[in-house]
Amino acid sequence: MTKHIARWLLASAVTWFATASPVYAEGSGVEVQMQVKTPDKSNQRTKDDAPSIEVTVIGAPNLPAEKFSLRDDSSKVAIEVKPSQKRGYAEGNETLGVAIVMNGSSLWIGNDDYTDKDFEGVRTQGALKALEAALDKQNFKDAGPAGSLGTVITYADRVVARIPTNGGMGPLANITGGALGSQADYKDTQGLELVKGIELAMAELHKAQTARKVLIVVGEGKDTNPEAAKSALANFRKQAVSEGIQTFAILFKSALELEDSPVVINSMIPAPSTVNSAESIAPAIASILARMADRQYLTFPGFDAKTGTGFVWDAKPHNLVLKIDKDETEPTQLTLAPIWSVNKGFPWLILVIVVVGFVLLIVIGIKVFGTKPAAPIPQVLAQPVVVAEQKPMGPAKTVMIGVGGDEGGFPVVGWIVPLNGAQAFQTFKLRSGGTKIGTAPPCDVVVNDGFMSTEHCQITASPQGFVLVDGGSTNGCYVNDRKIQGKQELVDNDMFTLGKTNFKFKSIN
């Protein structure tokens, strides 16, 4: 059984209790985006790891990583994985492009800081000072990930790129209150070329290579030519939708605003925000940028080595459900590709287990069979026993001993028959008292076997039976494949081995 099968079986053995959980319904404001991230093939340490799943959560509460989990609803085995990493919006890679289009007419900006002795007319504070404070308070450098861009464009009788001063879009951190200049920089500016200001901003956003784009219009929302502006702004609205540009408007009326001039910005931005004081512009901009930071990034491992569980990477669509604390999102269908399994790469763990197991077997073998001789144990040949008539061995005389110890009783007679070697199937009758077996005289049974000792052993016969006694041989004596310790009783049909010669013992009692 491979390691990953064992782990899947372990996961499936855990009882899965399905409980009814609240679900983020469509229109709740919570959006979930998922994509597969494959490991870096140039990294030798991680190139064979499982792919991971990157989840972008938009509009959900900002909770700790342990409050999130990802479940495969289409899997037969209950699989639920915790994220290995969680990042906030500023730590992500969805760079932000922000274009602020601001009313630049002197009446709206203000003129109370003018020092001209010849200035005549009504002095008004205007919105510039409050707008400067708003930009400084917002701290744009932290409003988006590294690489985010920004610009501030003012409109009056002419359109001017205030930040950066050379036009285009610069680092988002460059948007500060001080970069807007002073009231004197807007002196004598008239008119409301709102459409031209938005046109330049849309062109800059179109060129910006950022993942997300935002247009913020700040002013009275009016244009010098209102009828023509409505048509142009409607077209800008379509362009913003097609290019994924989010649009916002903050309306603030100046003290000298002409009441008979209509608001036209709602032709592009249907629901602009209205503030009653210049100081309210700051929280309004902060609220818009907070909406940009409404996302969190979660990384879920495709396989969790600690728990031995993970997703099934079979290149097929799966229904994945993100759980946020106690609530669940609607299933998101994601194809889990490329195909991957836990055994991908060399199975080092299996190899280690096999080696350790082999070493243990050797140790056990040494403990159990450590007393056996180095020479291989001869194998018993399963051949029929042929009992042939045995001639008397020289002058020796076989004595029949009765079971009761008297010569008149029923005799006890024993034979041994070699089953292999030069004397195979000869029958040797055992002497009363004892029969010596070895490779040379004075043994009673002489066997030509280089692995036997000169006087290898002796078989003693008595009224109590027959006993094989080891004569101190080098390679020992084996009865029924077991080495004897000094001596061993023999019974009819026992097999014993001396050297490489196998014998069968027969007796009549």
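**Reading salt bridges in a predicted model**

Modeller: Start with one pair. Arg431 and Asp444 join their side chains in a salt bridge, 3.4 Å from N to O. Keep in mind that the model is predicted.

Colleague: Which parts of the chain does the pair of Arg431 and Asp444 tie together?

Modeller: Look up where each partner sits. Arg431 is in the loop between β21 (428–429) and β22 (433–438). Asp444 is in the loop between β22 and β23 (445–446). The pair therefore ties together parts that are 13 residues apart in sequence.

Colleague: Is Arg431 buried or exposed?

Modeller: Buried means under 20% relative accessible area. Arg431 has 17%, so Arg431 is buried. Asp444 has 25% and counts as partly exposed.

Colleague: How many salt bridges does the structure hold?

Modeller: The structure holds 14.

Colleague: What does Asp294 form a salt bridge with?

Modeller: Its partner is Arg295. The closest N and O atoms of this pair are 3.5 Å apart. Check each partner's accessibility separately. Asp294 is partly exposed, at 27% relative accessibility. Arg295 is buried, at 10%.

Colleague: How far apart are the closest N and O atoms of Lys141 and Asp142?

Modeller: They are 3.4 Å apart, and the two residues form a salt bridge.

Colleague: Why is Lys141 called exposed?

Modeller: The cut-off for exposed is over 50%. Lys141 has a relative accessible area of 52%, so Lys141 is exposed.

Terms used:
Residues numbered from 1 in each chain as written. Predicted model: local features only at pLDDT ≥ 70, side-chain atom pairs only at ≥ 80, totals over all residues. Heavy atoms only, no water. Salt bridge = Lys/Arg side-chain N within 4 Å of Asp/Glu carboxyl O. Buried < 20%, exposed > 50% of the residue type's maximum accessible area, 1.4 Å probe, protein only. Helix = DSSP H or I, 4+ residues; strand = E, 2+ residues; numbered from the N terminus.
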